[in-house]
Amino acid sequence: MRKTKGFTLLELLVVIGIIAILVSIATVSYSSAQIRTRDSRRRADLSAMRDALEQYYAANTFVYPTTCSGASGYIKGTWPTDPGTYSYVQSCTAATYCICVQMETGSGGNSSNSICTWAAGGGYYCVANQQ
């Protein structure tokens, strides 16, 4: 009788195949989690920008800055920038403002384009003046 210690080649190949499948599933999940995280950050950035612009409005005789970043003194840190490859589309006048960004997931926004055309489930998320 022959006593062998160790694994056969077939057993090793099966284990390696299972590990490869698990790694590929984890990679896809991690990638989609990163996308959702960047979209969440975009929403938080736009909310902070809106709050800063409204504080500027209240503190400066009820006018908005003519450039959106003019309200940067009312925000903690620096004026936000997009965490990914997109950019924030900013339009500010003394009477109104609109800031939009494209959502990386392609849905979940509140606008269908970057000029504050409101539509539920659109591919853009926008904030506009509240006054």
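Five bridges tie S2 to S3, and these two strands run antiparallel. Strands here are DSSP runs of E with at least two residues, helices are runs of H or I with at least four residues, and both are numbered from the N terminus. The model is a predicted one, so to speak, with local features needing pLDDT of at least 70 and side-chain atom pairs counting only at pLDDT 80 or more, while totals for chains, interfaces and linings use all residues. Residues are numbered from 1 along each chain as its sequence is written, and side-chain values use heavy atoms, with hydrogens and water left out.

Back to the strands: Ile99 finds its bridge partner in S3, at Val127. The whole sheet is open, with three strands in the order S1-S2-S3 and antiparallel pairing (two strands pair if DSSP finds at least two bridges between them). S1 and S3 sit at the edges, each pairing on one side only. On average, neighbouring strands are turned by 10° against each other, direction ignored.

Then there is helix H1, which takes up residues 9-59. Its 51 residues reach 74 Å from first C-alpha to last, close to the 75 Å expected (1.5 Å times one less than the number of residues). H1 lies across S1, S2 and S3, running at about 170° to S2; axes are lines fitted to C-alpha atoms, for helices over the stretch in contact (heavy atoms within 4.5 Å), and angles run from 0 to 180 degrees between N-to-C directions. Among the buried residues of H1 are Asp39, Arg42, Leu46 and Tyr57, where buried means under 20% relative accessible area with a 1.4 Å probe, protein chains only. The buried residues of H1 pack against S1 (89-92), S2 (97-102) and S3 (124-128). After H1 comes Thr61, with a positive phi near 45°.

Notes: Buried < 20%, exposed > 50% of the residue type's maximum accessible area, 1.4 Å probe, protein only.
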